[in-house]
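Please examine the following structure.

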Amino acid sequence: MANFLLGRLLQSLVLLLIVSVIGFAVLHLAPGGPLAQFALIPGLSKEDLARMAHEMGLDRPLPVQYWEWLTRLLGGDWGHSYRDNRPVLDVITGRLPATLELMGAAILISVLLGVWIGVMGAIRRYSVFDMLATIGAMVALSIPTFWFGLIVIYIFSVHLGWLPPGNRTTVGGGGSFLDYLHHLIAPAVVLALVEVAVWSRYMRASMLDVINQDFVRTARAKGLPERTVLWHHALRNALLPMIALAGVEIPTLLGGALVAETVFTWPGMGRLLLDSLGYRDYPVVMGILMFSAVLALLGNLLADIFAAVADPRVRMA
Amino acid sequence: MSAAALAQPAVAAKTGNRAWRRFCRHRLALFGVAAIALLVLASIVGPSLIPFDSLKIDIRHRFAPPPSNGHLFGTDPLGRDLLVRLLTAGRISLSIGFAAMIVSTAFGTLIGVAAGYYGGAIRVTLMRFVDAMLCFPQIFLLLVLAAFIQPNAVTLTLIIAASSWMEVARVVEGQVRSLRERDFILAAEMLGASGRYVMFRELLPNAIGPIIVAATLTVARAILLEAYVSFLGYGIQPPMASWGNMLNNAQQYLGSAPWLAIFPGLMITLAVSSFNFVGDGLRDALDARFDLQ
């Protein structure tokens, strides 16, 4: 087990290094650069720009810049925002809770709903419910998240007035738990749509795999009620491969969060990325890219560990 | 005994159901093909049949709700006809979808074939690169690229392709790696076929099924990605219309002019789900394994 863990950890670190190289290269090789926004300010001469580039270290060769960035990062220094000179780590961790809250709520919805739809689809395979779930999942995967968000706002905020059209709390008097929850519903549901579709599909396939195995037949042969066989014996085993899915889906969820945050003016990491891109705030953009990669790798790693703990067969492979 | 009694009707029902499922699946795929054909046709000839120009500003008739004096789908904040804009936007969005599919499928296939055929260090390097690219949320990658490169239809196509070739590479690599161990490859190599011949004449044709499926699904994804980027303001720039950028300003008029938000989204959903239906149908048709389920 220790070897397995160590191996996976090492793999993740190597991957993280490659990720950082790709991110750094993409950012710094792209035309424009962080000085582009200053270039149009009247009264700023070429020499001024050159001096600024020198101060920011932008005039040195790219590998040198990367090495400097990496060594600082390993020392815990993520750099400072070009926009307001705040430490990048502070900027990002200030926004992280909102995004994690949104993602957590969406995961909860999609796991509960997705597992239920998937299991029902598998039990009543090819029934009307199963057909509708299949078609529904494919349509759900085809709906642009932001558009679904707009429609939800149109129906539930503009028309019915049940849900707030955006923000994390009511401006002014808000802040209670119920107020948070009230604001969380719409963006979480919008973000969960795609995931519900994905989970229900995988759950259905996994359940179908399990249902035909010998131990399920044994359970039935023992005379256990069908409900116990399905929701106890079969579901437990069908959920095992789903642990890995939870890890794999994290980048998708993060990407969706960016869009949902934009539509619902949610003060999370996705909106921070958009704002920072507009300002060419390289250190923050780079920090967000690294954070999202760490989240993705951590998700995969945790999923692997849980899977290995829950299912001894995984460790053999 | 009771188990046998239960099993009997279940089997009969299953056979009938399978036929019904095939029928249904086929129906969806056929619906997808028809919808795509209709969308393509409407985008090509539609704008010339409608007596409005997609860029013609008509301030007196702005925010005309659908349907009103000739504007079947209403007008936008500048009084431009929404239907003709939807169709010209379709030209852009569909072209980008197809073009990005071709570029990313070609690149992904190349990487996948090379990784699967050569194996060893080349495989590890290439596939680790693929893994690393998949660590980023696709939309992050796309935005970072789009924010720094002057966006137009061509660069946007390349950017979308650059962030969506990895799935194809994975699929192809898996296929090629398993095909590579088969006897017919050994035979070809013993006959003295070169590496390039084996890769593109022996391996690739045998992996074409999954590639076609992945390519179809990539069109769907590319149309969706174009919409996302354009919606966020980093894609196709106004006044040129794309389905994504038509939704760009729709949010502020949600209360007063909801049709501005509803129609472009419906077009995207219709186009994307059609390609997904076709991809699903193709997977059933081309991949025998899915028949067993």
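**Helix packing in chain A**

A:Ile117, A:Met120 and A:Gly121 in α5(A) meet A:Phe129, A:Asp130 and A:Ala133 in α6(A); two residues are in contact if their C-beta atoms, placed from the backbone, lie within 7 Å. This is a predicted model, in which local features need pLDDT of at least 70, side-chain atom pairs count only at pLDDT 80 or more, and totals for chains, interfaces and linings use all residues. Residues are numbered from 1 along each chain as its sequence is written, while chains are lettered from A and ligands numbered from 1 in the order in which they are written.

**α5(A) with α6(A)**

- Helix α5 (residues 88–123) of chain A packs against helix α6 (residues 128–142) of chain A at an angle of about 135°, and their axes are 8 Å apart.
- α5(A) and α6(A) are therefore oblique to each other (angles under 35 degrees count as roughly parallel, over 145 as roughly antiparallel, 65 to 115 as roughly perpendicular and the rest as oblique).
- By class, the contact of α5(A) with α6(A) has four nonpolar residues, one polar and one charged.

**α6(A) with α8(A)**

- The axes of α6(A) and helix α8 (residues 177–211) of chain A cross at roughly 140° and come within 8 Å.
- That angle makes α6(A) oblique to α8(A).
- On α6(A), the contact is made by A:Ala133, A:Ala137, A:Ala140 and A:Leu141.
- On α8(A), the residues in this contact are A:Leu193, A:Val194, A:Val196, A:Ala197, A:Ser200 and A:Arg201.
- The contact of α6(A) with α8(A) comprises eight nonpolar residues, one polar and one charged.

Terms used. Axes fitted to C-alpha atoms, helices over the stretch in contact; angles between N-to-C directions. Helix = DSSP H or I, 4+ residues; strand = E, 2+ residues; numbered from the N terminus. Nonpolar A, V, L, I, M, F, W, Y, C, P; charged D, E, K, R; others polar.
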